[in-house]
Amino acid sequence: MLDAVYAEALKLRRHRATWLMVWIYPIVVALILIGVLLYGAVAPAGEAGTTATAEQWINNTLIFWEIPKSAPGRFLIAGFAALVFAGEYGWNTWKLIIPARARWQLIAAKWVVVVGFVLISLIVTDLIGLIGELLGSLQGEAIPAGVTIGALLEAHIRAIGFALAPILYTVAFAGLFGVLTQSILATVILSIALVIIEGLLPLLAVLGHNYMPGISTPLIEVLPLYHVANVMAWAKGQGMTLALGPDAAIGFSFGASLAILSAWIAAAAAATQLRFARQDLN
């Protein structure tokens, strides 16, 4: 299994798509940081001060963990997953890989590499951002009293945990679409449509409740669309209450939505393995 993961990582780490959809984050942030620091070095020095509390300052450093929760960020994650899972069909390389490995290992290796590369990219980006904040404090606004290494670690580990759910959800369904359609383009289109429908959920929920109240509510409670949005909302401290009408609303706790979302991720992963195991790829 480790050999399969290593081979997949070796194949993808320098791929042009990996640079454009994964490694792009730390590269862009590093370039911006260098530009800001150079400007700060030549600009007239101002008085050092602070206008943010310790909690606000720490929360501001978590900005890069919003990427996998945003629609554009998830589009890029889905695009990378589409390349990884559906690319083998377009390149006609499955028949060269399958004899050397068990099929379940090949799919599992792709999950590990896609999620791993995305997390590595975001962690490096996060570290660059933190370094920028520390260096910037030497040129401008001072770090507020009360900001400690322990508080920073706790906040950033918590942010990573909340970012995992949308990453795993996006990769699981993009992988399923890739195996079902065997097309990078179709996988990307379906993944983007899934994210867009999720954004339209409040409107769709109201329309569904008006026309089919007995069906729409159970569907919203069972399908993953509301629950991925609710998990991401809880990351900001308050869940998503979905208003269906003047006398009806849906609201789940973080734990309930996470359990339902995890079940859907596991179901998508199982369906991917099952379909791939039965495909004729000779």
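The model is predicted. The chain contains 13 helices and 2 strands, and its C-alpha trace spans about 70 × 55 × 30 Å along the principal axes. Of its 282 residues, 44% are buried.

**Largest pocket**

- The volume of the largest pocket is about 400 Å³. Its lining has 18 residues, and those closest to the centre are Asn59, Leu62, Ala155, Arg158 and Ala235.
- Helix H4 (54-60) and helix H8 (149-181) each contribute at least two lining residues to the largest pocket. H8 has the largest share, with 6 residues.
- By residue class, the lining of the largest pocket holds 10 nonpolar, 2 polar and 6 charged residues.
- The largest pocket lies between domain 1 (1-35 + 51-188) and domain 2 (200-267), because both domains give residues to its lining.

**Second largest pocket**

- The second largest pocket has a volume of about 340 Å³.
- Its lining consists of 17 residues; Leu33, Val36, Gly129, Gly132 and Glu133 lie nearest the centre. Two or more lining residues come from each of helix H3 (24-42), H4 and helix H7 (103-136).
- The lining of the second largest pocket is made up of 9 nonpolar, 6 polar and 2 charged residues.

**Cavity**

- The whole structure contains 1 cavity of 30 Å³ or more. The volume of the largest cavity is about 40 Å³.
- The residues lining the largest cavity are Arg74, Ala78, Tyr169, Thr170, Phe173, Ala174, Phe177, Ser191, Leu194 and Val195.
- The lining of the largest cavity comprises 7 nonpolar, 2 polar and 1 charged residues.

**Helix H9**

- Helix H9 runs over residues 184-199 and has 16 residues. From first to last C-alpha it reaches 23 Å, close to the 22 Å expected at 1.5 Å a residue.
- Thr187, Ser191, Leu194, Val195 and Glu198 are the buried residues of H9. They lie on the same side of H9, because they cover an arc of only 90 degrees around the axis.
- Among these buried residues, Ser191, Leu194 and Val195 also line the largest cavity.
- Leu185 and Gly199 are exposed, on the face of H9 turned away from its buried side.

**Helix H1**

- The buried residues in H1 are Ala4, Val5, Glu8, Ala9 and Leu12. Seen down the axis, these fall within an arc of 130 degrees, so they line one face of H1.
- The exposed residues Leu2, Asp3 and Tyr6 are on the other side of H1.
- An α-helix has 3.6 residues a turn, so residues three or four places apart point the same way.
- Ala7 belongs to helix H1 (residues 2-12). Ala7 counts as partly exposed because its relative accessible area is 40%, which falls between the 20% limit for buried and the 50% limit for exposed.
- Ala7 and Ala109 are 102 residues apart along the chain, and their C-alpha atoms are separated by 8.8 Å.

**Helix H12**

- Helix H12 (residues 224-234) is mostly covered, with 10 of its 11 residues buried.
- The buried residues of H12 are Pro224, Leu225, Tyr226, His227, Val228, Ala229, Asn230, Val231, Met232 and Ala233.

**Val179 in helix H8**

- Val179 is located in helix H8. Val179 counts as buried because its relative accessibility is 1%, and the cut-off is under 20%.
- Val179 and Arg74 are 105 residues apart along the chain, with 19 Å between their C-alpha atoms. Arg74 is one of the residues lining the largest cavity.

Note on methods. Residues are numbered from 1 along each chain as its sequence is written. This is a predicted model: local features need pLDDT of at least 70, side-chain atom pairs count only at pLDDT 80 or more; totals for chains, interfaces and linings use all residues. Side-chain values use heavy atoms; hydrogens and water are left out. On a 1 Å grid over the protein atoms alone, a cavity is a set of points where a 1.4 Å probe fits but cannot get out, and a pocket is an open set with protein on both sides within 12 Å along at least five of seven lines; lining residues have an atom within 4 Å of a point. Grid points are joined across faces, edges and corners, and a volume is the space filled by probe spheres set on the points. Helices (H or I, at least four residues) and strands (E, at least two) are DSSP runs, numbered from the N terminus. Ala, Val, Leu, Ile, Met, Phe, Trp, Tyr, Cys and Pro count as nonpolar, Asp, Glu, Lys and Arg as charged, and the others, Gly among them, as polar. Domain bounds come from an automatic or database domain assignment. The expected span of a helix is 1.5 Å times one less than its number of residues. Buried means under 20% relative accessible area, exposed over 50%, partly exposed in between (1.4 Å probe, protein chains only). The arc is that of the directions from the helix axis to the C-beta atoms.
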